[in-house]
Amino acid sequence: MYERERDRILVTGWFSFLHGEATAGDVLALARVERVLRDAGLAYDVVWSPGFRADGTHFADVDPAAYSRLVFVCGPVHGTQVEELHRRFAHCVRIAVGVSVVDPDSPAVTGFHRVLARDAAGSGPGLDLAARAPALPPVPVVGVVLTHGQHEYGGRRRHEEVAAVLTRWLAGRDCARLELETRLDAHDWRLCGTPAQLEAVLSRLDLVVTDRLHGLVLALRAGVPVLAADPVEGGAKVTAQARACGWPALVPAERLTGAAAGAAAGAAAEGLLGRWWDWCLTDGRAEAARIGAGFRAAAPVPDAADGLVAALRAAPAAGAGR
């Protein structure tokens, strides 16, 4: 292992630049390089964009004299930001690995002592570094179905506040978030065009977080647990439907909108959401499957349509006196 501080390696890439872009592929490519360096017993530091990882090491924190080598990982080698690396770390041996070479004569490329290209003119393509990155831990896939409408509730509406608390809280959960919309549109490729298409997505999720009635019902229909919030103060149709379905994971608007009142209320709201989150991903899985099966059973849960024919037969004929 390199013992002297100046023998450390600085690892950088587009994920390091303030106005760069941290993609999943780039970060996985970094993980592949990190494993190689660790296995070789080489000491290194990684530079992160402050816009992506505020608590990481940033270029503003780096003393170039502390490093003898620089490794640039993944992405295209071009542009002024890469050229600035060559100027600032001119004393370092500079190597680019797993990169795309668009213009081999550009200063961004010629500034490296060696380029281990992923793709470049005149050479065969190499496997992207992300492909051999270390295996990742599984995380839940969570559908998020929110509404900002429903103005019919007037002064009881708490939709914006509830959505703000939910989305802020979700941003801190280790999960894959998928924003979904119950609205159908046959012409917008970003939206489902049929209920079957939406159900196909919902059935593949681990959990749905929603403040919509149909977000709750359609998730349970697919046998997927739901963390539901009623966005109407005092409770409205989301609360009523959760009771009709026998689904317990429901948070009233008052428990979430109070989060803005102070740290204690915010912590209480997050604690409540966290407890239902944990339940949904454990015992709630079987409960959601049971409820969904009940919707499709030979003797299903009754609904209003069961009384429709009788109501039609009992209704007076058109034009008849009342």
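1. Two strands count as paired if DSSP finds at least two bridges between them. Helices and strands here are DSSP runs, numbered from the N terminus (helices H or I, at least four residues; strands E, at least two). With that settled, β8 (residues 207-210) and β9 (residues 226-229) run parallel and are joined by three bridges. In that pair, V208 sits opposite V226 of β9.

2. Housekeeping: this is a predicted model, with local features needing pLDDT of at least 70 and side-chain atom pairs counting only at pLDDT 80 or more, while totals for chains, interfaces and linings use all residues. Residues are numbered from 1 along each chain as its sequence is written, and side-chain values use heavy atoms, with hydrogens and water left out.

3. Back to the sheet. It is open, has five strands in the order β7-β6-β8-β9-β10, and the pairing is parallel. At the edges are β7 (176-179) and β10 (250-251), each pairing on one side only.

4. Now for T147, in the loop between β6 (141-145) and α4 (159-171). Is T147 buried or exposed? T147 has a relative accessible area of 7%, so it is buried (under 20%; exposed is over 50%, partly exposed in between; 1.4 Å probe, protein chains only). A polar atom of its side chain lies 3.1 Å from the backbone nitrogen of G149. Beyond neighbours within four places in sequence, T147 is in contact (heavy atoms within 4.5 Å) with H159, D211 and R212.

5. R8 lies in strand β1 (residues 8-13), and its side chain makes a polar contact of 2.8 Å with the side chain of D45. A polar contact is a pair of N or O atoms within 3.5 Å; within protein, one must be able to donate a hydrogen and the other to accept it, and residues adjacent in sequence count only if both atoms are side-chain atoms. Not counting residues up to four places away in sequence, R8 touches A43, Y44, D45, A66, Y67, S68 and R69.
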